[in-house]
Amino acid sequence: MNKIAIAGCGVVTAAGLGMEALQRAVFSNASALQRRELLIGKTSQSVVAGFVADEITAQLRGADAAHADSRAFLFAAAALREAVKNAATILDSVPATRRGFVLSTTKANIEALDKLVRQQPVSAVAQRQIQPAFLAADLAAVFDCRGPVQCVSAACISGLSALQQGAAFIQRGIADVVFVAGVDLISQFVLSGFNSLKSLDPEGCRPFDKSRIGLSLGEGAAAIILVKRELLAAPAILLSGCGTSNDANHLTGPSRDGSGLALAIQRALAQARIAPDNIGYVNAHGTGTPYNDAMESLALRSVFGDRVPPFSSSKGIFGHTLGMAGVLETALCVAAQQNNLLPGTPRLRERDPVAPDSLLVEPRAVANLNYILKINCGFGGTNAALVLQRELP
Amino acid sequence: MKDLTIHAASYLGPEGFGNDETGLRAWPAPLKENLSRGELDGLHWSLLSASDPSRFLRMDLMCRIGFMATELLAVDFDALPEARRESLGVIVESFTGSLNTDIRFAQTPRPSIFAYTLPSTVIGEICIRHRLKGPVLSLIAPDTDGANALTEAAEWLRAGDAEMVLCLGIEAINVSTAIPFPCRKLSRHTAGTARRCCWDGLKICPAKNCSSPARLGTFAESCVPCRNTLAKTNRGKLRLHNTLWNP
Amino acid sequence: MESLIEELKTKIIAGFNLEGVTPADINPDEPIFGTGLELDSIDALELVAILESDYGIVITERAVADKAFASLRALAEFVAANRT
C-alpha cells in the first residue's frame, strides 16, 4: 500500500501571499477579516470577510497579463508556484506523465458570470474559466501535469475530497505526484446567496462563540503537493486517512445530531488505522453559524466521548473559503505540525457551553503533535474528514 | 471495469427515458414539443410517481433529472437494511454542472435557488430521499461518458469503501441565453446553437472550426454497480449515445 | 387591499412552486407558514427576498418578519405600509 506524503504547500489568503504570512496570523491568533461597503443586489451593505488584498491581485496581474481578469486562475497559480517551490527538488525526478492534478472549487471564476449578466466586458479566458473543468485543465497544462486530471466540486467538502482523490491516484499507482489546488472567490453571486439565506454575520464570524450569529466568507487559493512517500528522505507528514458521508437530513442545514459527520470521522480514523485517542488536535469546520458549530460539538462528543482533543476553528483568520477550505485548512494543519503549535480560535470571545471545553482560544505549544484530524461539512449534508500523521524520526 | 456488475441502469434524455428492463420509451406527444424546444422543465413528475412532489418541485433542473433517473432505476432503496444504506455511496459526474441554475441565479438571485448552484446538491437530494449515508464524490469532467464515475465506483467497491454505488452522469442545460460557453473541443458557440446540435440527434456542432459532437442538452443516466463479478454490461436495448454500455 | 392580496397570492404560488394550488385555495386570514401549504424555512427567506426585489422592502429583524407573515392579510397591510 503506497503511503502518501505532503511535499509542499502554498496559499493566497486574506492573511497575505504565502505560507509565512498565514503562519504569522496563526501564531499571533490574528484575524485578517476586513470590512468593506459592498453593493449586494440593490442595497449597499457592510460586509466583513476574508478578502485577498487588492495589492496582491495587482501584483499577480502584473506578472500574468493573459489572465488579468481571472482572479481564480491568478490565485491558484500563485499558490501552486509556492507549493512547487516548497517541494524543491522532489519533483525533478518525476516525469510529467506521472504528475496528476486535482482542482477543488465550488464556483471557479464565477466573477466572470457576474460581469456577463451585467453586460460588462470579460475576456475569453476568464469566461471559459467559469467552468471548473476548464480551469482545472488550464492549470494542469501550465504546471505540466500530464497524468490523471480531475476536478472536484462538492460544496464545502471539495477540498478534503480533492485531497482524497489525489491520494487515491497515488495509491492506485496512476501517479507518483499529485498537485491538489483549491480556489474560490468572494463574488456578487456568492455574497448575494449567503446574504439571502441570512447566514452572514455583519460584524464578522465568531466560531464556537456563545453569541455567534453567522459566517464570514473568504477567498483565495491553496495548493498541496502530494507525493509517493518513497520520494522523500526526511520524516514526512503523511495523509493517512480520509472519509466522507452524507447526513441524509436537510439541504442547507446539518443533521441535528452530528451523526453524519461522526460517520465521516470514523471512516477516516479507520483508514488511518488509529483510535480516537491518538488524535492530538482537531481543526474544525467551525463556520460560526449557530447550527454548524452546535452540530460539530455533538459530532466530536459522539466520536471522542469525554476526551475530545484540543480543537479550534481557523475561519476567524481568513473566513469560510468554501471549495478551497479543505486544502487551505489542511495546509494550516501541516504548518501547525511542523511547528508543534496548536492553533487558537481567532475572534472567539466567550465559548458556547455546548462546545467541548478543550476548545482552544489561544494558540498553544505542545511537545509533539503526531496525529491531526481535519473536518469539513457542506451544503447538501456532506461531511468529510482527513487524518494527518507526522512520522517520528 | 471487469469486476463490476451493473445492478440496474436508467436513462433519461431527449430521445426518451427508461431502464435496462423496460428499454427506451418515447416521451408522450405533448411533452415532446417541450423537449424539442429544449425544455425538460415541463416534464411532469407524476409521469414517474415521485413520492414527494413538494420537495421535487423545489428542485432545479439538474436535481430533477438526476432524481428522476434514480427513481427510474426501480431499485427499492427503502427496502435495504440501514447498514446497506450506510454503505451505499453516491458519485455524480457532469461537465456543465450547475451552470444552468448558476445563470438563472446570477440573473435573479433567490434563496430557494442558491443551494442548487452546486453540482453536488443532487447527491444531497437523493441521499435525503433514500436515506443514504455512504461516501460521496462530485466530479466535473470534460469527458463525461460515464467512465469517470464508474472508475471511481469500481475502486470504492474493490477497497471495500462501499457495498453498492449509485453513479450519476448528468447534463442539464436549457437556458436560452446569449451567454456563450465552450463545448468539449474548447471552442465557443452560443447556448442556442449548442441546443440545436443536440436536438438534431447529436450531429456535429455547427460552430465554425469545431468538429466535436455537441453533447449539450438535457440528459441523465444512472446506474448502481455492486461488488460482484461482471457478467455483461450490455443488457438492455437502450439506444445510448456513449460508450458506457460497451464493454 | 384586496387586489394586493390577490397579487401576493400569485407571487407566493409562483415563488414557492405550489403546483395545483389556486388563489382561491389560500385563506388570507390563516397563517402563511405552518399550515397546509407545506412551506418551510427557505420559503420564509424567499418571501423576504421577494419583498425586497418586488416592493423594495428590506427586512432585517426576525420579529418584523414574524409579524408580517402572520397571515396574508397582515402581509398585504405590511406591504402597503412599507413599499417603496
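In this predicted model, helix 2 of chain C runs over residues 41–55 and comprises 15 residues. From its first C-alpha to its last, helix 2 of chain C reaches 21 Å, which is close to the 21 Å expected at 1.5 Å a residue. Just after helix 2 of chain C, the backbone at Gly56(C) adopts a positive phi of about 70°.

The buried residues of helix 2 of chain C are Ile42(C), Asp43(C), Leu45(C), Glu46(C), Leu47(C), Val48(C), Ala49(C) and Leu51(C), where a residue counts as buried if 20 or more other C-beta atoms lie within 10 Å of its own. The cover over these buried residues comes in part from chain C itself, including helix 1 (2–15), helix 3 (62–68) and helix 4 (72–82). Other chains also take part in the cover, which includes helix 8 (188–196) of chain A and helix 6 (111–114) of chain B.

Taken along the principal axes, the box filled by the C-alpha atoms of chain C is roughly 30 × 25 × 20 Å. Of the 84 residues in chain C, 26% are buried. Among contacts in chain C between residues at least 6 apart in sequence, those joining residues at least 24 apart make up 61%.

The contact between chain C and chain A involves 4 residues of chain C and 5 residues of chain A. On the side of chain C that touches chain A, the residues divide into 4 nonpolar, no polar and no charged.

Chain B contains 9 helices and 9 strands, and 53% of its 247 residues count as buried. For contacts in chain B with a separation of 6 or more, residues 24 or more positions apart account for 68%. Where chain A and chain B meet, the contact takes 39 residues from chain A and 36 residues from chain B. Several elements of chain A each supply at least two residues of the side that touches chain B, among them helix 4 (111–117), helix 6 (132–142), strand 6 (149–152), strand 9 (237–246) and helix 9 (259–272). Helix 7 and helix 8 of chain A likewise each supply at least two residues of this side, and helix 8 of chain A is also included in the cover over the buried residues of helix 2 of chain C. The residues of the side of chain A that touches chain B divide into 18 nonpolar, 18 polar and 3 charged.

The contact between them takes 63 residues from domain 1 of chain A and 54 residues from domain 2 of chain A. On the domain 1 side, strand 1 (4–13), helix 1 (19–27), helix 7 (158–171), strand 7 (177–184) and strand 8 (220–228) of chain A each supply at least two residues. Helix 7 of chain A gives the most to this side, with 8 residues. The residues of the side of domain 1 of chain A that touches domain 2 of chain A divide into 36 nonpolar, 20 polar and 7 charged.

Methods: Residues are numbered from 1 along each chain as its sequence is written. Chains are lettered from A and ligands numbered from 1 in the order in which they are written. This is a predicted model: local features need pLDDT of at least 70, side-chain atom pairs count only at pLDDT 80 or more; totals for chains, interfaces and linings use all residues. Two residues are in contact if their C-beta atoms, placed from the backbone, lie within 7 Å. Helices (H or I, at least four residues) and strands (E, at least two) are DSSP runs, numbered from the N terminus. Ala, Val, Leu, Ile, Met, Phe, Trp, Tyr, Cys and Pro count as nonpolar, Asp, Glu, Lys and Arg as charged, and the others, Gly among them, as polar. The expected span of a helix is 1.5 Å times one less than its number of residues. A residue is buried if 20 or more other C-beta atoms lie within 10 Å of its own, exposed if 12 or fewer, and partly exposed in between; C-beta atoms are placed from the backbone.
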